[in-house]
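The exercises below each give you a task, followed by a solution you can check step by step.

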Amino acid sequence: MNFRKLKYLFLVPSGDPELTLAQFDANTRQIPMMYSLLLVNTWALVATFWNIAPPSLTFYIPLVLSVMIVLRLVTWWRSISERPDIAVALHSLKRTNLLAPIIAACFSAWCLALYPYGDAYAQGHIAFYMGITVVGCIFSLMHMLSAAFYVTAVVNIAFIVFFGFSGNQVFMAIAMNLILVSVVLLVIVSINYDRFVSLIASRRQLMQQQNELMQKQKETLELSNENYRLANLDSLTNLPNRRCFFSEFTENHASAVAGKAPLVIGLIDLDGFKAVNDMYGHAVGDKLLVSVAERLRATCQGDLLLSRLGGDEFAILISLELTDENMMQIGHNLCTVLEAPFNLAEATLSISASIGFARWQDGIDCDDLYENADFALYSAKRSRDAGSTHVVLFGKAHEARVQRTKLLEKALRSVTVADEMSVAFQPVVDVNSGAVLAFEALARWTSPTLGAVPPSDFIPAAERGGLIDRLTLMLFRQALSCAASWPGDIRLSFNLSAANIAKTDYVRGLVDEIHTYGIAPERIDFEITETAIIRDVYQAQEAIAELKRSGVRISLDDFGTGYSSLSHLHRFPLDKIKIDRSFLTNIVEKSAGYGIVKSLLNLSRDMNIGCVIEGVETEEELAIVRSLGGEMVQGYYFSRPISGDAVPAYLASSDGGISQEPAVSRA
Ligand code: C2E
Ligand code: CA
Ligand code: CA
């Protein structure tokens with residue numbers, strides 16, 4: 001037994017709260033048992049001496065001692081049901097440690113005082129009482145080594161001193177026995193006590209490990225919550241991200257199918273955002289997106305779930321019963337909110353938005369519903385290009401168009417499409433000499449399943465389906481291969497889509513094709529519409545600059561329609577404008593178109609760029625165009641678009657005389 005352990009032979013260990021509580025806990029069950037044993041044994045001894053010893057020893061003293069014991073018993077009993085704090089438990093243990101030897105001394109003194117009054121049997125009862133009670137006490141106090149030790153020491157010392165000097169050999173032998181038994185018991189109890197202490201220590205360790213485990217679990221949970229947050233929130237705007245949107249969308253769709261709640265989906269796309277990004281850089285673009293998100297968030301309260309799908313695309317889910325008017329109102333509110341200028345530190349920026357809404361109806365699955373909203377958005381963008389609505393609700397009228405677009409897209413993806421496509425050519429004529437200056441290449445498609453499809457149908461379908469680049473290249477090669485056989489002074493005019501000029505690499509590829517066919521780039525005019533330019537002004541500028549560097553010329557097609565902005569004329573190195581044929585309608589009656597054509601012709605002269613007037617169908621129209629000073633014209637009056645094979649014959653027959661019969665029948 002080392003010194004630390006020796007110390008606990010005398011003192012109640014402190015500084016280990018769990019041990020203290022465990023000791024206290026064990027005592028609450030064992031000490032009342034010990035006191036009960038003491039009481040019973042005491043009154044059994046009283047019974048033996050009842051008639052032979054004076055009442056002070058057989059009644060009053062045992063009564064006082066018993067009261068003392070009962071008080072202690074009640075105190076311990078009470079504490080069975082309550083769990084004291086550590087200080088109270090320690091105090092109680094210390095008190096027991098102090099009282100145990102005192103009580104032991106009192107009882108020893110009392111029973112030894114009875115000794116002179118008894119005969120040998122009665123005296124034997126005293127020895128037995130002391131011996132057996134101390135054994136009981138040692139066991140009962142096994143979780144309080146010091147108290148067990150004190151009691152043993154007090155009783156044994158009293159026993160030895162008293163009986164050692166009694167001269168009675170039997171009692172002396174009993175004293176020896178008692179000492180031996182007590183020592184053995186103390187050793188056993190101390191071994192058990194050690195085990196008890198180490199049990200508490202390992203329990204503590206276990207608890208600690210469990211706590212650490214729980215802490216780790218908590219941290220893991222927090223981490224996974226954070227991961228979940230990161231995975232579902234857009235880090236820039238803190239709005240739910242694309243992933244979150246689609247999972248909510250799927251859930252809301254399921255509720256709609258189950259008839260629990262209505263569902264409307266709205267897709268929002270910013271107009272002019274890319275220009276901000278290009279002009280001011282991504283940092284400003286990001287700030288703008290954050291401000292846009294804030295405004296949208298403030299507008300989309302309540303049952304509207306707003307998300308950012310990526311880039312400048314946002315989406316809302318609405319689980320409310322809405323009329324078409326309600327939806328339009330929500331859409332217009334959102335557009336209005338975004339149209340107010342954004343005052344950033346770097347600049348004051350103005351953008352706008354287009355919104356497409358689609359409402360869930362029976363039988364529409366998630367993909368279709370999303371596609372409908374996307375189609376409505378696409379329609380909003382297209383009509384916006386033409387200067388009108390920003391908000392479009394997907395309706396009955398769109399359904400047929402979606403079906404048609406899907407059919408077209410499918411047919412456009414077919415492997416045989418290359419054989420079904422061709423280019424027709426419509427001449428651009430010099431008003432004064434009647435000479436053919438150029439041919440505009442116009443796409444033609446005769447599908448085996450859909451029949452002849454006009455370009456106004458399949459070009460937008462190819463744009464939507466991401467097929468336009470492939471298609472353009474195919475058509476351009478066909479046009480170049482025809483143009484390669486034309487006289488060197490006849491130009492080729494070719495139409496480009498917005499998507500075609502969205503990548504500078506792509507236009508570079510087109511220029512390479514011109515070289516491949518051995519044609520001088522100066523003979524090529526690329527026609528680009530205003531709407532294509534507006535979609536991404538900065539990219540258009542870059543693509544046009546790239547084209548110009550190669551030597552090709554640029555015409556601004558359909559000029560005057562849609563978003564006509566004169567600034568485009570200054571900003572882009574244009575060679576020609578093409579006045580849309582809508583202005584020629586009723587020009588003979590001096591309609592509004594008359595004034596417009598007149599001023600556009602003046603404008604082109606002032607700017608020193610060419611001007612082609614499209615859609616001349618009659619001699620009267622031609623006369624007016626000529627009277628206004630128009631120099632280049634195009635229209636059915638001269639020729640409908642003709643096949644590539646028919647071009648040489650057309651050139652041969654057009655002798656440069658403007659007075660010839662119109663070639664309408666040659667289409
Ligand atoms: P656009 O570039 O304005 O082409 C002129 C359109 O006007 C052609 O229609 C042509 O046939 C038609 N047109 C010419 N003269 C007259 C006339 O006197 N009266 C009337 N009513 N129409 C006339 P088309 O071939 O149906 O093309 C429609 C549009 O499709 C084109 O308008 C152009 O925007 C687009 N497109 C055609 N081919 C291509 C192509 O290869 N690539 C791209 N991106 N767009 C193309
Ligand atoms: Ca054109
Ligand atoms: Ca045109």
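**Exercise 1. Find the element that holds Ala462, decide whether Ala462 is buried or exposed, and list its contacts.**

Step 1. Ala462 sits in helix α15; helices here are DSSP runs of H or I with at least four residues, strands are runs of E with at least two, and both are numbered from the N terminus.

Step 2. Its relative accessible area is 0%, so Ala462 is buried. The scale goes like this: buried is under 20% relative accessible area, exposed is over 50%, and partly exposed is in between (1.4 Å probe, protein chains only).

Step 3. Skip the neighbours within four places in sequence, and Ala462 is in contact with Leu412, Leu467, Ile468 and Leu471 (contact means heavy atoms within 4.5 Å).

Step 4. Now try a distance: Thr405 is 57 residues away from Ala462 along the chain, and their C-alpha atoms are separated by 8.9 Å.

A note before you go on: this is a predicted model, where local features need pLDDT of at least 70 and side-chain atom pairs count only at pLDDT 80 or more, while totals for chains, interfaces and linings use all residues. Residues are numbered from 1 along each chain as its sequence is written, chains are lettered from A and ligands numbered from 1 in the order in which they are written, and side-chain values use heavy atoms, with hydrogens and water left out.

**Exercise 2. Describe the surroundings of ligand 1.**

Step 1. Count the shell: 21 residues surround ligand 1, and the closest are Gln426, Ala443, Arg444, Glu617 and Tyr636. To be in the shell, a residue needs a heavy atom within 4 Å of the ligand.

Step 2. Sort the shell by class, and you get nine nonpolar, five polar and seven charged residues. Nonpolar covers Ala, Val, Leu, Ile, Met, Phe, Trp, Tyr, Cys and Pro; charged covers Asp, Glu, Lys and Arg; the others, Gly among them, are polar.

Step 3. Ask where the shell comes from. At least two residues each come from β9 (436-447), α15 (455-464), β11 (491-496) and β13 (553-559), and β9 gives the most, with four.

Step 4. Look for polar contacts (pairs of N or O atoms within 3.5 Å; within protein, one must be able to donate a hydrogen and the other to accept it, and residues adjacent in sequence count only if both atoms are side-chain atoms). Gln426 puts a polar side-chain atom 2.9 Å from a nitrogen atom of ligand 1. Ala443 uses a backbone N or O atom instead, 3.0 Å from a ligand 1 nitrogen. The side chain of Ser497 has an N or O atom 3.1 Å from a nitrogen of ligand 1.

Step 5. Check the cover: of the 790 Å² of accessible area that ligand 1 has on its own, the protein covers 84% (Shrake-Rupley method, 1.4 Å probe; for residues, only the protein chains shown count as cover).

**Exercise 3. Work out which residues hold the calcium ions, ligand 2 and ligand 3.**

Step 1. Start with ligand 2. Its protein donors are Glu440 (OE), Asn495 (OD1), Glu527 (OE) and Asp557 (OD), at 2.1 to 2.3 Å. Donors are N, O and S atoms within 2.8 Å of the metal (3.2 Å for Na, K and Ca); water is not among the atoms, so sites may look incomplete.

Step 2. Read the spacing along the chain: E-x54-N-x31-E-x29-D. Glu440 belongs to strand β9 and Asp557 to strand β13, so the pair ties together parts 117 residues apart in sequence. Both residues are buried.

Step 3. Move to ligand 3, where Asp557 (OD), Asp558 (OD), Glu614 (OE) and Glu614 (OE) are the protein donors, 2.3 to 2.5 Å away. Here the spacing is D-D-x55-E.

Step 4. Asp557 is buried because its relative accessible area is 6%, whereas Asp558, at 25%, counts as partly exposed.
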